[in-house]
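Here's a quick briefing to read alongside the model. It starts with a pocket, moves on to a cavity, and then looks at some helices and strands.

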Amino acid sequence: MQKKSAKKKKNQLLAGIILLVIIFIAGVLFSGKSPMLVVYWMFGIAFGFVLQKSRFCFTASLRDPLLTGSTSVTRAVIVAFAIATVGFAAIQYSAHIKGNPIPGYIFPAGLHTVAGAMMFGIGMVIAGGCASGTLMRVGEGFMQQWIAIVFFVVGSLWGARDFGWWTENVINRFSISDGINKNAVHLPNILGWAGAFFGQLLLLAVLFIAAEWFEYRKFNTSQNSDAQNASIQI
Amino acid sequence: MAEYRLDCLGEACPIPLLKTQKKMAEMKVGDIIIVEIDHSCAMKNVPEWARKEGYNVEIEEVDDGQWEIIIEKNK
């Protein structure tokens with residue numbers, strides 16, 4: 001195999017230093033407005049860095065098992081959900097004990113969730129990434145996603161403009177209630193805190209094992225058939 | 001032993017993977033395919049798929065954000 005010599009790459013050290021300085025200056029400017037803004041700023045940058053370096057992709061987590069049989073990203077997403085479950089449970093339960101209103105987005109769940117998920121799923125496969133993946137690749141310089149992000153913003157704004165109408169006429173009619181929240185489900189209200197917390201972790205564990213098993217089976221059957229082919233050739 | 005180039009520049013994930021799978025299916029044993037990509041997601045799933053199939057895979061970053069995945073259909 002003839003190896004083509006790689007083109008000389010641009011040295012990005014200078015750009016990196018400039019970016020670091022800009023991030024720092026922006027952080028200082030934000031801190032003048034509100035200390036929380038700096039925290040958001042740092043978390044945003046850290047998230048972006050991890051997303052880009054890990055190639056973490058919610059689209060791939062659901063698409064790759066069908067395309068390649070690989071569930072490594074799927075399992076990564078399940079682990080992320082499990083960690084988030086522990087974190088949110090801690091935050092919400094401590095608020096619950098103190099008698100404060102429960103923080104977090106407790107949104108109506110129902111048929112519209114299924115419809116929205118389907119539409120989002122189709123959209124993200126065509127656009128080549130979910131919301132965070134698209135944002136990350138905009139920064140990477142993949143220009144097709146510059147178009148995707150423009151229409152992502154347009155769609156979001158349009159959705160926000162009509163959201164009141166949708167809430168009144170569709171969402172509130174088709175959503176289920178947990179008995180305490182009107183038109184919304186917070187699992188601890190139905191299953192109790194322990195049931196909701198451990199139930200969710202258990203479900204995630206089952207999904208993790210199922211994903212592992214799916215890949216193992218797919219991988220091993222193809223290995224077996226390859227071994228058979230090899231023995232026939234010999 | 002032939003060498004093929006597959007131009008997937010500007011193609012979003014998962015198109016490079018699908019094109020590679022299609023091309024690999026019609027290649028003979030010993031053939032080599034060079035997949036040109038610039039979508040970072042394909043950098044992950046194309047090599048992963050090929051390695052899982054048991055092919056020899058090499059990745060080379062030819063330019064900033066542009067890669068060549070060299071796959072040998074060794075069986």
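In this predicted model, the second largest pocket holds about 980 Å³ of space. Its lining runs to 26 residues, and the ones closest to the centre are A:Gln12, A:Leu19, A:Gln52, A:Gly139 and A:Glu140.

- Three helices of chain A give two or more residues each to the lining of the second largest pocket: α1 (13-33), α2 (35-54) and α6 (131-140).
- The top contributor to that lining is α2(A), which puts in six residues.

**The cavity**

- How many cavities of 30 Å³ or more does the structure hold? The count is one.
- The largest cavity has about 30 Å³ of space in it.
- Both chains show up in the lining of the largest cavity: A:Arg55, A:Cys57, A:Ala60 and A:Asp64 come from chain A, while B:Cys41, B:Lys44 and B:Asn45 come from chain B.
- Two elements give two or more residues to that lining, namely α3 of chain A and α2 of chain B.
- Sorted by type, the residues lining the largest cavity are three nonpolar, one polar and three charged.

**Helix α3 of chain A**

- Helix α3 of chain A covers residues 58-67, and its buried residues are A:Thr59, A:Ala60, A:Ser61, A:Arg63, A:Asp64 and A:Pro65.
- Two of these buried residues, A:Ala60 and A:Asp64, are also in the cavity lining.
- After α3(A) comes A:Gly69, with a positive phi near 85 degrees.

**Helix α2 of chain B**

- Helix α2 of chain B (residues 42-53) is twelve residues long and reaches 16 Å from its first C-alpha to its last, close to the 16 Å expected at 1.5 Å a residue.
- The buried residues of α2(B) are B:Ala42, B:Met43, B:Asn45, B:Val46, B:Pro47, B:Trp49, B:Ala50 and B:Lys52.
- An α-helix has 3.6 residues a turn, so residues three or four places apart point the same way.
- Just past the end of α2(B), B:Gly54 has a positive phi of about 95 degrees.

**B:Asn45 up close**

- B:Asn45 sits in helix α2 of chain B and is one of the residues lining the largest cavity.
- Why does B:Asn45 count as buried? Its relative accessible area is 3%, and the cut-off for buried is under 20%.
- Leaving out residues up to four places away in sequence, B:Asn45 touches A:Arg63 and A:Asp64 in chain A, plus B:Cys13 and B:Leu17 in chain B.

**Strands of chain B**

- Is strand β4 of chain B (residues 66-72) mostly covered or mostly open? Mostly covered, with five of its seven residues buried.
- β4(B) pairs with strand β2 (residues 32-37) of chain B in the antiparallel sense, over six bridges.
- One of the bridge pairs there joins B:Ile37 to B:Trp67 in β4(B).
- Strand β3 (residues 56-63) of chain B also pairs with β4(B) in the antiparallel sense, over seven bridges.
- Opposite B:Asp63 stands B:Gln66 in β4(B).
- β3(B) and β4(B) make a hairpin with two residues between them, and B:Gly65 in the turn has a positive phi of about 70 degrees.

Definitions and conventions: Residues are numbered from 1 along each chain as its sequence is written. Chains are lettered from A and ligands numbered from 1 in the order in which they are written. This is a predicted model: local features need pLDDT of at least 70, side-chain atom pairs count only at pLDDT 80 or more; totals for chains, interfaces and linings use all residues. Side-chain values use heavy atoms; hydrogens and water are left out. Buried means under 20% relative accessible area, exposed over 50%, partly exposed in between (1.4 Å probe, protein chains only). Helices (H or I, at least four residues) and strands (E, at least two) are DSSP runs, numbered from the N terminus. On a 1 Å grid over the protein atoms alone, a cavity is a set of points where a 1.4 Å probe fits but cannot get out, and a pocket is an open set with protein on both sides within 12 Å along at least five of seven lines; lining residues have an atom within 4 Å of a point. Grid points are joined across faces, edges and corners, and a volume is the space filled by probe spheres set on the points. The expected span of a helix is 1.5 Å times one less than its number of residues. Ala, Val, Leu, Ile, Met, Phe, Trp, Tyr, Cys and Pro count as nonpolar, Asp, Glu, Lys and Arg as charged, and the others, Gly among them, as polar. Contact means heavy atoms within 4.5 Å. Two strands pair if DSSP finds at least two bridges between them.
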